[in-house]
Amino acid sequence: MLSPPIRILIVAALCALSLIGLVVRESTARASGTEVMLAMEAVDPRALLSGHYVIVGLQENLPEGETCPPAYIYEDWIGPQPRQEIPTDWIALSRSGDTYRVAMTSLPSREEALSIGAVAVLGTSFCNPRQLDERGVVIQPASQQMDLGISRFHINQADAERIDRMLRAQTPDSEQRIFAIVSIGSDGRARLKGLSIDGERLELNWL
C-alpha cells in the first residue's frame, strides 16, 4: 500500500500532466486556426486597468453612412425590423483589406455562416446604431461589438498602460492603430494570439 506522501506526489504529477496536455492542445489549436485581425476600441473608462494586461474590447466604428450588419431572423420571431441585439451562436466575418468585419450575426450553424462570410466564429455580437442630435448631426457613429470569449492580453505593466492610452486616444475619424490577432479554430472557437500595434506584432509566448 502506498504511503500518503507517495499518493500525494502521484496526484500532483497527474495534475501537472493534465495541465501540460491542455496547454499543448490549446497551443496546437491556436497555431492551426485561421488568423484574423479584429479592430479594438477602449472599454468603459470606469473599468480601471488592473494587473499586467490589456482589456481586449472587440469593437469597430462603422464608416459614415454604413448601417449595422443584418442579424439572422429566426422563424419564431415576429417583428418589422431585424433585431440589432441578439445573443448569437455563429458570426460570419468577411475580409476587408488586412482585417475582418462582421457580415451577419446570430446565424444558427457554421455552414450558414460560411455561406455568407469567409470565416465563421462562435460568439455574441451587437450593433449600436448611430446617434444624431436634434439638428440631425451625427454625434456617435454606429459601432459593432463582439464578445468571442477573449478579454485580456497579458503583458508587462508599462506596455499595458501605453496601449490603454493609445486605445483611449483613438477617435472615430482617426486611423485604426490597434488590432487583436485572433485564431479561429475548426471548432469555431476564438483564441487570442496577440495584438498588432501600429503594425508591430506582440504575441503570446507562454502558451
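Two strands are said to pair if DSSP finds at least two bridges between them. The exercises below apply to a predicted model.

**Exercise 1.** Determine the order of the strands in the open sheet that contains β6, and identify which strands stand at its edges.

*Solution.* Step 1: the sheet is open and consists of 3 strands, arranged as β6-β5-β7. Step 2: the pairing within this sheet is antiparallel. Step 3: β6 and β7 (119-122) each have a single partner strand, so they stand at the edges, and one side of each lacks a neighbour in the sheet.

**Exercise 2.** State how many bridges join β5 to β7, and find the partner of Trp90.

*Solution.* Step 1: strand β5 covers residues 90-96 and is joined to β7 by 4 bridges. Step 2: the two strands run antiparallel. Step 3: Trp90 has Leu122 in β7 as its bridge partner.

**Exercise 3.** Describe the backbone phi of Ser106 and of Asp198, and locate each residue.

*Solution.* Step 1: as a reference, most residues other than glycine have a negative phi. Step 2: Ser106, which is not a glycine, has a positive phi of about 65°. Step 3: Ser106 belongs to strand β6, residues 99-107. Step 4: Asp198, also not a glycine, has a positive phi near 50°. Step 5: Asp198 is located in the loop between β14 (190-197) and β15 (200-203).

**Exercise 4.** Classify Ser106 as buried or exposed.

*Solution.* Step 1: the cut-off for a buried residue is under 20% relative accessible area. Step 2: Ser106 has a relative accessibility of 1% and therefore counts as buried.

Definitions and conventions
Residues are numbered from 1 along each chain as its sequence is written. This is a predicted model: local features need pLDDT of at least 70, side-chain atom pairs count only at pLDDT 80 or more; totals for chains, interfaces and linings use all residues. Side-chain values use heavy atoms; hydrogens and water are left out. Buried means under 20% relative accessible area, exposed over 50%, partly exposed in between (1.4 Å probe, protein chains only).
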